[in-house]
Every structure is written in structure tokens, then in C-alpha cells.
Amino acid sequence: MNKNMSLELSRYKQIYGEEFEIPERENVWTVRVNILKISLYDFEQIARQKGWDLENVPWVENTFWIKTNDILSKTIEHSLGYFFSQNASSLVPALVLDPKPDEIILDLSAAPGAKTTQTAAMMKNSGVIIANDITPERLKALRGNLQRCGVINTIVTKTFGEIYFKKGLKFSKILLDAPCTGTGTMNPRILQETSESGINMLSNLQKRLIESAAKMLEKDGVLIYSTCSLEPEENEEVVNFAVEKFGLSVEKTKIRKLNFIPGLTEWKKRFDDFLSDAVRILPTEKTEGFFVCKLRY
Amino acid sequence: MQAKILTILASKERKKIEKIIKKNYEVDFDLSNYSVLIGPEDKIWIASREILNADIEKLDVNSIGMNLGKLKKNEKIRLTIEGSQLIGKEAKKNFVELNEDETKKFMSGSSLQIAPSNCDMHNFVIIKSGKNILGSSLLTEKGIKNLLPISRRV
């Protein structure tokens with residue numbers, strides 16, 4: 001481990017305790033079967049024929065860890081949209097969102113579309129998802145994934161969140177999977193390149209995004225805030241900002257069979273006690289670190 | 001795609017597209033289950049019916065729904081992979097069944113020197129492989145001209 005990573009590890013030990021370690025990643029794919037295109041039964045048949053070793057991800061339906069030497073993202077089945085490859089912890093925000101088929105949902109930072117396509121499948125391709133992002137390259141990836149997965153209940157939009165607020169749009173459910181440092185991936189390059197100033201810059205952006213989302217939330221509406229970052233500045237601090245400034249409240253989240261720790265109530269400063277109801281998934285051999293918080297207005 | 005030039009189709013126009021699908025593939029495809037839109041280059045987009053409940057006028061729309069295919073001259077339609085998958089299961093003509101080797105070739109982007117029966121020359125034929133529907137491509141005198149998008153080749 002190089003010097004920079006040692007520094008990062010010491011930071012995480014400070015945040016999460018001495019027992020925190022950077023896990024050795026298992027060589028495994030995580031695949032969510034796209035039930036908009038193929039039944040679970042048919043997918044399992046294909047997997048058996050191909051010799052893919054399937055293990056159910058315990059906390060979410062239709063999802064497997066797969067051990068294989070095949071590059072799954074370069075298979076015919078991937079091209080045909082039979083599955084989406086995404087980390088198992090990144091499936092949690094849509095589970096907490098709990099979308100229903102007849103709802104209109106805003107996915108504020110949607111690209112490249114892992115959570116959007118998951119949400120669409122949970123809605124059985126009905127209702128409406130407004131899938132927003134701002135950069136052309138990311139929108140291209142989003143549109144490509146929506147098409148590949150056969151998603152028809154989505155309007156892709158390109159704007160800054162505050163514009164919709166100014167136009168008076170309101171939503172009862174908003175997903176904000178915010179742009180982040182990505183330190184939950186424990187990717188050595190990311191850990192080396194992430195600085196405290198970079199974290200603070202993103203924290204400010206995330207506060208602006210959650211402000212837009214909070215202003216667009218209907219009374220009694222639900223906002224899911226998530227990142228794949230381990231940094232409290234990008235997570236608890238951002239949620240605490242929304243709680244203090246907009247009067248949102250944190251709701252307890254229960255996901256069966258998911259191992260997680262409570263959100264932090266203190267890091268450099270004291271946060272709202274209810275932050276402990278947020279979900280913190282620490283990185284393991286098979287999962288990336290993730291933060292998910294359910295807020296209600 | 002610019003949503004400002006996307007037009008939501010009325011029942012009469014939807015029926016015209018259904019007729020084109022019927023003519024080319026002998027499939028009764030019911031577009032009344034969807035919101036149907038037409039955009040630049042005569043591309044047809046299908047979306048959930050509830051899409052119309054959204055306040056579309058206030059949105060900076062980039063795209064709506066899924067691309068079903070593109071209308072072509074002489075009442076033909078070039079289906080996307082997803083359009084082929086929706087329509088292809090029931091197709092009674094203008095489809096080709098590939099064997100394993102041909103499937104690999106097709107998915108890599110190669111054209112195929114085959115002469116399928118029950119297909120119209122110079123028309124878009126749906127490509128099948130076992131239970132899988134791989135898309136649609138153009139039948140010419142030289143065989144199947146591969147129209148699989150580069151991003152979907154393996």
C-alpha cells in the first residue's frame with residue numbers, strides 16, 4: 001500500500017473505527033436480471049448453459065453475484081438487455097424509494113441509468129420517471145441503457161435542478177444519487193486522487209443539489225439521497241444541511257438481510273441525532289461502500 | 001433528440017403504423033397500449049400511457065420513451081433491437097433464424113451471405129437466434145446487410 005492510501009486508511013479508521021480495513025475484492029460480477037426483457041427462469045437457464053456460477057444477492061430480488069471467466073458486459077445477453085451489471089449496494093436506493101407503477105418520480109442525477117432502469121423494472125414500465133442529468137456524454141450513456149433495457153416509462157431531461165423548482169414543478173418522490181468522489185468503491189486510483197479539498201468541493205455541489213430536490217418535494221413527499229462515497233462531508237453533512245435548512249426529517253430504513261451500520265451523528269461537528277437512521281454500507285469483498293438516507297418533507 | 005419536434009400521434013396515425021407493421025411482418029401489434037410519438041427522421045418512440053400525465057411543457061426534454069424504429073419509404077419500417085424484440089415473436093414473415101455460427105458473426109457486426117425464404121428482398125428482416133431476437137437488418141441480393149448498431153456489437 002502506498003503512502004497516500006495509508007493516509008486514506010487512517011482517515012477511515014478515524015471515521016469508522018480501528019477495525020476498518022480495505023477489503024480484498026472478490027472477482028465477481030453483480031448482475032440484476034432485467035425482468036422487462038427476460039424472465040428470471042429463462043435467465044437462470046441461460047446461466048446454467050453458460051456455466052455461470054450464480055449466487056443470490058440476499059437483499060434484492062432478481063440479482064446475482066456471478067463467478068465466471070466470461071466478460072459479461074461483452075456477451076450477447078448483455079447486448080440484448082437481459083441484465084444490467086451494477087454493484088449490489090447500488091441497488092439499495094431504489095429499494096428504499098419503493099416506486100409504485102402509477103407514480104411520477106424524479107431521478108435528479110440519473111446517468112448512466114443503473115438506478116433508473118431498476119426503478120423502471122420495479123414500476124413494471126408504467127407510471128413516469130423523469131430522468132435528469134446535465135452532461136451530454138452521460139445523457140448518451142443514460143439513453144443507451146434505457147433503450148437497451150427496453151424502458152418506456154422515462155422522460156430524459158437535461159437541466160439544472162433549480163430550473164424545475166423555478167418552473168413550479170413538484171414531486172412526491174425524488175431520487176438524488178448525487179455525483180460523488182466514489183471512495184466507496186475503494187478503487188486505489190480514486191483513493192489516491194481524492195483530496196480533502198475535492199471532497200469539500202463535491203460536498204458544496206451536493207448541498208446545492210439536495211437544496212433543489214428539497215424545494216421540489218411535495219408536502220409529505222420522499223427524497224432518497226445516496227452516494228457511493230465513504231466521506232461524511234458528502235453524506236451526513238449534506239443530509240444534516242437539508243434537515244436544518246428545509247425541515248426535512250430522516251426516516252428509518254429497513255432492508256431485510258442487508259448488513260449496514262447507522263449513519264454517523266458526529267464528524268468534525270455534531271449532526272442531527274436522526275442521522276443514525278441513515279444507512280451506511282461499508283465496503284466488503286463483494287460490495288462497494290454506499291450511503292443511503294430516506295428523507296420526508 | 002429534441003423533444004420540441006416530437007409529436008404525439010393520434011389514434012388515426014397510430015393505426016397507420018400498426019398497418020405498416022402488419023404489412024411487413026403479419027403481426028397485429030396494438031399501439032393503443034402506449035403513448036406513441038414521432039420525431040426527426042421519422043423515428044417512432046413508444047412510451048407508457050402515463051407519460052402524458054407529466055407536465056411535459058415545463059420539462060427540458062431530451063428524449064421520451066423507447067425508440068421502436070424508423071419509418072422508411074414504401075411503407076417499410078426499420079425496427080430497433082427493442083422494436084424487433086416486441087414485434088418479432090409473432091412475426092410470420094420477413095424474419096430469419098440464424099444458427100450459432102451465424103449468430104456470432106451477426107453480433108460481431110458482419111453481414112451474412114444467406115438467402116432466407118419467406119422474406120421480401122430490400123426489406124428489413126427480423127433476426128432471430130433460438131429464443132433470442134437480435135434486431136433487424138436489410139435483405140439484399142448479397143444476403144443480410146448487418147445494421148446492428150456498433151454500440152450493441154459483441
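**Exercises: how chains A and B meet**

In this predicted model, 28 residues of chain B are in contact (C-beta atoms, placed from the backbone, within 7 Å) with 30 residues of chain A. Residues are numbered from 1 along each chain as its sequence is written, and chains are lettered from A in the order in which they are written. Local features need pLDDT of at least 70, side-chain atom pairs count only at pLDDT 80 or more, and totals for chains, interfaces and linings use all residues.

**Exercise 1.** Find which element gives the most to the side of chain B that touches chain A.

*Solution.* Start with the elements of chain B that give two or more residues: β3 (43-47), β4 (61-64), β5 (66-72) and α2 (81-88). Helices (H or I, at least four residues) and strands (E, at least two) are DSSP runs, numbered from the N terminus. Next, pick out β4(B), which gives the most, with four residues.

**Exercise 2.** Work out how β7 of chain A and β4(B) pair.

*Solution.* First, locate β7 at residues 154-158 of chain A. This strand and β4(B) pair (DSSP finds at least two bridges) in the antiparallel sense, over three bridges. Then look within the pair: Val156(A) stands opposite Ser63(B).

**Exercise 3.** List the partners of Ala213(A), leaving aside its neighbours within four places in sequence.

*Solution.* Searching around Ala213(A) gives Leu108(A), Gly161(A), Ile174(A), Leu176(A) and Leu223(A).

**Exercise 4.** Describe the make-up of chain A and its box.

*Solution.* Count the elements: chain A has ten helices and 15 strands. Then take the principal axes, along which its C-alpha atoms fill a box of roughly 55 × 50 × 35 Å.

Terms used:
Two residues are in contact if their C-beta atoms, placed from the backbone, lie within 7 Å.
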